[in-house]
Amino acid sequence: MNVVSTVDPRDGRRRPTDLTETDESRLAAIAGQASGAAQWLSDLGRVGRAGMLDAIATSLESRRAELVATAEAETGLSHARLDQELTRAALQFRLFGEVLRDGAYVEAAIDHAADTPLGPGPDLRRMLVPLGPVAVFGASNFPFAFSVAGGDTAAALAAGCPTILKAHPSHPLTSRASAEAIGSAIRDLGGPDCVIATVYGEQAGRALVRHPAIRAAALTGSVGAARAIQAAIDERPDPIPFYAELSSVNPIVVLPGASADRAEQIAEGLYASFTGSGGQLCTKPGLAFVPSDPDGEHLVDALRGRVAASGGAVLLNERIRDAYESGARAFERAGAEVLARPVVDPGAGFTVAPTLLEVGLHGLTAEITDECFGPIMVVVRYGDVADLNAVLSTVAPSLTGSLHIGPRDDAAVVRRLVDALAATSGRIVFDGYPTGVRVSWAQHHGGPWPSTNAVHTSVGATSIRRFLRPLAWQNAPEWILPEELRDAYTAIPRRVDGRLVSAL
């Protein structure tokens with residue numbers, strides 16, 4: 001069996017671990033055991049699973065020092081960033097505990113037997129139930145929040161689905177340590193080991209989604225990775241849903257009134273947003289539309305100065321480093337001019353220079369609107385706000401679209417731009433920056449292809465919907481019904497005979 005290695009991106013050194021890639025026989029055993037674990041999760045019930053999620057959050061936090069140190073050595077991300085991300089991971093588990101206790105997510109509906117215009121109608125009761133075991137693929141850029149201890153895992157376990165994680169090769173030891181923290185909390189509750197499991201290696205990932213026990217898959221990653229996973233799924237005799245969060249350029253539009261009102265402030269925010277975490281965030285702004293007037297020039301000069309004075313950024317792995325450098329060269333070949341790029345010593349690791357480029361509105365080509373993962377942004381200069389609507393429609397759909405408005409900007413212009421951004425974005429940000437995704441009930445982290453391949457969010461309370469399916473009971477005896485569908489049950493909101501009834 002192949003040994004799994006880990007690489008510190010700060011020095012580029014590859015070190016073998018005591019992990020090995022998961023072979024097909026081991027994977028088959030894990031998947032088979034996961035099917036059996038579904039009953040344990042079901043027997044826990046909503047409130048029991050909520051307690052399990054709280055216990056997982058506490059277990060992760062109790063191992064904070066070990067987890068953060070392990071992730072720092074494997075990703076090169078800062079201690080402060082990773083510490084905050086671990087807090088977010090724990091928050092995600094606790095949020096889904098609240099979702100379970102609230103209970104509205106099951107969408108319980110009861111239609112009692114009654115005469116209808118079409119004749120006697122049967123008694124019908126409907127709610128959402130777990131899909132079954134799911135496969136989750138860890139992300140390179142979030143070793144906690146979108147990996148083994150991430151939101152997909154929290155949502156799947158909350159739904160009642162055993163979860164098998166395919167560890168990302170950029171942080172295998174972090175993945176194992178996270179899985180041990182989660183598994184420890186589950187074992188303390190009397191749960192079996194197979195409620196959550198981790199597999200390693202590309203072949204294991206493909207075999208995982210082909211296994212008949214797996215009922216859904218989720219990924220945060222590249223379009224290429226999504227196509228490979230989808231190809232493996234297509235080999236199945238039965239299709240399963242696949243939820244992927246992928247490529248996003250996240251355009252930002254700065255209107256003339258905004259640059260006149262706060263050019264320095266916007267420059268500071270743009271710099272922090274596109275360089276934070278080495279620009280390796282799915283919501284990093286790749287395009288900033290700035291007016292070609294003196295105020296816009298002031299903003300760009302301020303931004304240029306910050307980039308020129310910056311240091312190098314450590315990228316997560318060699319592949320991302322190579323893609324970043326290739327993407328920057330492609331932008332230049334397509335006509336973008338370099339405004340600022342500090343000289344940095346890459347050393348033996350994966351350090352790169354942050355890059356700021358500029359192009360005129362009419363020089364914006366499809367090549368320049370591609371996502372380039374890393375600390376790079378293209379400033380697009382425009383003369384007439386009226387030209388922006390048509391150009392925005394040519395930018396690939398994204399997770400976010402942002403708009404900075406000033407006191408003198410025309411409301412009708414703002415409305416038209418909001419409509420343009422809404423057509424191609426999943427979240428519209430006003431007078432702010434898209435990086436930093438709140439974990440909450442109202443969040444939507446998704447968008448039209450290629451930002452995602454589904455209408456569902458991968459962050460926030462409603463992401464649980466991905467791992468559920470509707471089931472209806474017709475003329476069922478009450479004893480066989482889930483408690484949420486019994487007449488006397490009032491602990492969750494339900495729709496009864498067409499009327500919404502609040503929880504008591």
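Predicted model: local features only at pLDDT ≥ 70, side-chain atom pairs only at ≥ 80, totals over all residues.
## Starting with strands and loops

Helices of at least four residues and strands of at least two are taken from DSSP runs and numbered from the N terminus.

## A parallel sheet and its helices

Let us begin with an open sheet of 5 strands, in the order β9-β8-β7-β10-β11, whose pairing is parallel. At its edges are β9 (196–199) and β11, each pairing on one side only. From one strand to the next, the twist averages 15°.

Look inside this sheet at β7 (residues 134–137) and β8 (residues 163–166): they run parallel and are joined by 4 bridges. V136 stands opposite L165 in β8. Helix α4 (residues 151–159) packs on the sheet and touches β7, β8, β9 and β10 (216–220), with its direction at about 165° to that of β8. Helix α7 (residues 223–234) lies across β7, β10 and β11, and runs at about 175° to β11.

## A mixed sheet

Another open sheet has 5 strands in the order β21-β6-β3-β22-β23, and here the pairing is mixed. Which strands stand at the edges? They are β21 (468–474) and β23 (499–501); each has a single partner strand, so one side of each lacks a neighbour in the sheet. The twist in this sheet averages 25° from one strand to the next.

Within it, strand β3 (residues 109–111) and strand β22 (residues 494–496) run parallel, and 2 bridges join them. I110 stands opposite V496 in β22.

## Rings that meet

A pair of aromatic rings is described by the distance of the centres and the angle of the planes. Searching the whole structure turns up 3 aromatic pairs. One of them is the edge-to-face pair of Y243 and F467, at 6.3 Å centre to centre and with 85° between the planes. This pair links distant parts of the chain, since Y243 is in strand β11 and F467 is in the loop between β20 and β21, 224 residues apart. Are these two residues buried or exposed? Y243 counts as buried at 13% relative accessibility, and F467 counts as buried at 0%.

Y271 and F274 form a pair too: their ring centres are 6.3 Å apart and their planes are at 90°, so the pair is edge-to-face. They are 3 residues apart in helix α8 (residues 256–275), which means about one helical turn separates them. Y271 counts as partly exposed, at 21% relative accessibility, because the buried class covers values under 20%. F274 counts as buried, at 0%.

A ring can also meet a charge. The charged end of R81 sits over the ring of F142, 4.7 Å from its centre.

## Zooming in on T457

T457 is buried, with a relative accessible area of 3%. What does its side chain reach? At 2.7 Å it reaches the backbone nitrogen of H445, and at 2.7 Å it reaches the backbone oxygen of V459. Leaving aside its neighbours within four places in sequence, T457 is in contact with Q443, H444, H445, T462, S463 and R466.

Most residues other than glycine have a negative phi, and most peptide bonds are trans. Now look at N250: its phi is near 50°, a positive value in a residue other than glycine. N250 is found in the loop between β11 (242–245) and β12 (252–254), and at 0% relative accessibility it counts as buried.

D431 also has a positive phi, of about 50°, although it is not a glycine. D431 is partly exposed, with a relative accessible area of 41%. As for peptide bonds, the one from W449 to P450 is cis, with omega near 10°.

## One more loop

Finally, find P346 in the loop between β15 (337–340) and β16 (351–352). P346 counts as partly exposed at 39% relative accessibility. Its C-alpha atom is separated by 31 Å from that of E21, a residue 325 residues apart from P346 along the chain.

Definitions and conventions: Residues numbered from 1 in each chain as written. Heavy atoms only, no water. Buried < 20%, exposed > 50% of the residue type's maximum accessible area, 1.4 Å probe, protein only. Pairing = 2+ DSSP bridges. Axes fitted to C-alpha atoms, helices over the stretch in contact; angles between N-to-C directions. Polar contact = N/O pair within 3.5 Å; in protein donor to acceptor, adjacent residues only side chain to side chain. Contact = heavy atoms within 4.5 Å. Phe/Tyr/Trp six-rings, centres within 6.5 Å; stacked < 30°, edge-to-face > 60°. Lys NZ or Arg CZ within 6 Å of the ring centre and 35° of its normal.
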